[in-house]
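Morning, everyone. Please take a look at this one with me, and keep the picture open while I talk.

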Amino acid sequence: MTLSKSYRCIVVEDEVHHQELISFYLKNIGNVEVIGMFADTVNASIQIEKQKPDIVFLDINISGLEGPEFIELLEYQPKIIMISAHSEEFMNQHYDIPYEAYVQKPISLDKLEDAIKELD
């Protein structure tokens, strides 16, 4: 799959194997560049403000600030693709997070492609 636009993205996920899996899949999608991977929201927020990615892949349960507080504190607002083991319905009932797309774990190439297509 090749997208019509190029995207620079940051992955915010505290499980290293999920970081690596997401990065691996994203490298197989044309026009997507991973510019950073972070296991906590503190370092991620600094780099998001500095590097201004197009997309942030954000795990809802992560070290540091929870997703809603993390997104609210960002001055620069990239497009957010949420990642969680919970269903999207559960997420919408329990969290008030503005996001453009949702990926439910287990993560797959198809799920990531579909999420990015929603932005393209």
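Start with two helices: α1 passes α5 in a right-handed crossing. Keep in mind that this is a predicted model.

Who makes the contact? On the α1 side, Ile-22, Tyr-25 and Leu-26. On the α5 side, Leu-109, Leu-112 and Ile-116. By class, that is six nonpolar residues, with no polar and no charged ones.

Now the geometry. Two packed helices are described by the angle between their axes and the distance between the axes. Here the angle is about 65 degrees, and the axes are 10 Å apart. Angles of 65 to 115 degrees count as roughly perpendicular, so α1 and α5 are roughly perpendicular to each other.

Next, the core. The largest nonpolar core has 20 residues. Which of them touch the most other members? They are Leu-26, Phe-57, Ile-81, Leu-112 and Ile-116.

β1 gives the most, with four residues.

Zoom in on Ile-116. Leaving out residues up to four places away in sequence, Ile-116 touches Leu-3, Tyr-7, Leu-26, Ile-29, Val-32, Phe-57 and Ile-81.

One last stop. There is a second, separate core of 19 residues. Among them are Ile-10, Ala-44, Ile-48 and Ile-62.

Definitions and conventions:
Residues numbered from 1 in each chain as written. Predicted model: local features only at pLDDT ≥ 70, side-chain atom pairs only at ≥ 80, totals over all residues. Heavy atoms only, no water. Core = buried A, V, L, I, M, F, W, Y, C linked by side-chain atoms within 4.5 Å. Buried < 20%, exposed > 50% of the residue type's maximum accessible area, 1.4 Å probe, protein only. Contact = heavy atoms within 4.5 Å. Axes fitted to C-alpha atoms, helices over the stretch in contact; angles between N-to-C directions. Parallel < 35°, antiparallel > 145°, perpendicular 65-115°, else oblique. Left-handed = near helix turned anticlockwise from the far one by under 90°. Nonpolar A, V, L, I, M, F, W, Y, C, P; charged D, E, K, R; others polar.
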